[in-house]
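Have a look at the picture first, then read on.

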Amino acid sequence: MSGFGGFLLRRVIGAVITLLAISVIVYVVFYVTPGNVAQITCGPRCSPAQVHQVAEQLRLDDPLYVRYWDFLKGLFVGLDYSTGTSVEHCSAPCLGLSYQTDQQVTALILTKLPVSLSLVLGSMVLWLLLGVGTGVLSAWRRGRFSERALTAVTLAGTATPVFVIGLVLMIVVCGELQLLPFPQYVNFTDDPEQWAWNLLLPWLSLALIEAATFARLTRASMLETLAEDHIRTFRAYGVAERSVIGRHALRGAFAPVIALNANNVGSAIGGAVLTETLFGLPGIGQELVHAVNVVDLPVVVGMVLVVGFFVVLANAVADVLYAVADRRVVLT
């Protein structure tokens with residue numbers, strides 16, 4: 001197949017292979033870690049007989065390849081699990097049962113995912129608006145005081161950890177000025193206005209860090225594009241400077257911004273641990289930290305795979321948008 005349809009098919013096949021490779025690596029790394037998982041799951045006061053019973057229930061005595069094969073079957077056709085007193089069916093895509101709560105990992109992730117997506121997507125809108133806008137203005141005002149001031153601000157933003165910005169914003173905005181409430185997650189379907197107000201501070205904390213990177217990249221891309229021959233031709237024909245910047249130069253400079261944004265969106269879902277922990281948001285990041293602390297391996301493996309899925313998906317979407325933004329790109 002050729003053209004756009006062939007490109008999409010190749011991207012889907014590549015994404016499936018990548019996710020399978022991620023699942024193998026994650027499964028092996030986490031399930032070959034030292035330590036008695038049955039003992040940790042059962043607790044320090046369990047007798048050897050109780051530990052052995054937990055190991056049988058969790059099927060920890062089976063060979064690793066058998067457990068991995070069952071894990072793959074669960075993803076595509078579902079799987080039956082013994083909870084000690086009964087058998088529970090986990091529908092596909094099944095990521096297993098939590099060692100600590102016997103809750104289905106897929107259901108657990110679905111309850112946490114809206115929080116992380118709300119945090120990341122809202123932040124993405126802000127970091128694109130702030131970052132691209134600052135980068136364009138910096139390139140347009142090159143050599144002037146405003147350009148140097150913007151460059152200094154972006155450098156400071158890049159070097160500042162997200163928890164520092166978050167703490168400062170909470171102390172100043174919520175504590176001293178009392179402009180916003182201390183963040184407390186509200187479902188969008190319950191109250192969209194309160195959902196936005198309570199997430200505004202976490203959005204700003206995450207967006208200010210990323211906006212600095214986007215500002216520097218946009219500035220560099222804009223300066224490179226503004227030096228090209230077709231831009232000089234537009235200016236020679238008397239095209240208004242705002243039109244040259246907004247319609248022609250920005251489109252050519254936006255392609256690398258798209259690629260960077262895809263990486264950031266995918267990785268930010270898994271990397272929002274600090275932001276979610278700082279503001280007490282019950283998302284994937286906070287749950288992942290808890291699962292690691294209690295050695296709840298099915299939850300850890302499931303969440304890592306979900307994050308990997310979003311990284312692969314974001315990069316596939318970026319390839320398409322990259323080709324739309326830059327017509328010189330050939331889909332292969």
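What follows is a short tour, from the whole chain down to single residues.

## The big picture

First things first: this is a predicted model. The protein has 13 helices and two strands. Out of its 332 residues, 41% are buried.

How much accessible surface does the protein have? The total is about 17700 Å², and carbon and sulfur atoms account for 65% of that. Now take the contacts between residues at least 6 apart in sequence: 64% of these join residues at least 24 apart.

## A helix with a bend

Find helix α8, which runs over residues 192–226. With 35 residues, a straight helix at 1.5 Å a residue would reach 51 Å, but the end C-alpha atoms of α8 are only 41 Å apart.

Where does α8 bend? Look at L200: the helix bends there by about 40°. A proline, P202, follows within four residues.

## Rings that pair up

The model contains five aromatic pairs. One of them is W127 with F214: the ring centres are 6.1 Å apart and the planes sit at 20°, so this pair counts as stacked. Since W127 belongs to helix α5 (residues 105–140) and F214 to helix α8, the pair ties together parts that are 87 residues apart in sequence.

Are these two residues buried or exposed? W127 is buried, with a relative accessible area of 0%, and F214 is buried with a value of 0% too. Elsewhere, F188, W195 and W203 make up one aromatic cluster.

## One face of a helix

Now jump to helix α12, residues 284–293. Which of its residues are buried? They are I284, G285, E287, L288 and A291. Looking down the axis of α12, you'd see these buried residues fall within an arc of 160°, so they line one face of the helix.

There's a handy rule behind patterns like this. An α-helix has 3.6 residues a turn, so residues three or four places apart point the same way.

After α12 comes V295, and its phi is positive, near 55°.

## A buried aspartate

Last stop: D70, which you'll find in helix α4 (residues 64–77). Its relative accessible area is 10%, and the cut-off for buried is under 20%, so D70 counts as buried.

What does D70 touch? Leaving aside residues up to four places away in sequence, D70 touches R59 and L79.

Terms used:
Residues numbered from 1 in each chain as written. Predicted model: local features only at pLDDT ≥ 70, side-chain atom pairs only at ≥ 80, totals over all residues. Heavy atoms only, no water. Buried < 20%, exposed > 50% of the residue type's maximum accessible area, 1.4 Å probe, protein only. Arc of directions from axis to C-beta. Expected span 1.5 Å × (residues − 1). Bend = angle between axes of the 7 residues up to and from the residue. Contact = heavy atoms within 4.5 Å. Areas by Shrake-Rupley, 256 points an atom, 1.4 Å probe, with all protein chains shown as cover. Phe/Tyr/Trp six-rings, centres within 6.5 Å; stacked < 30°, edge-to-face > 60°.
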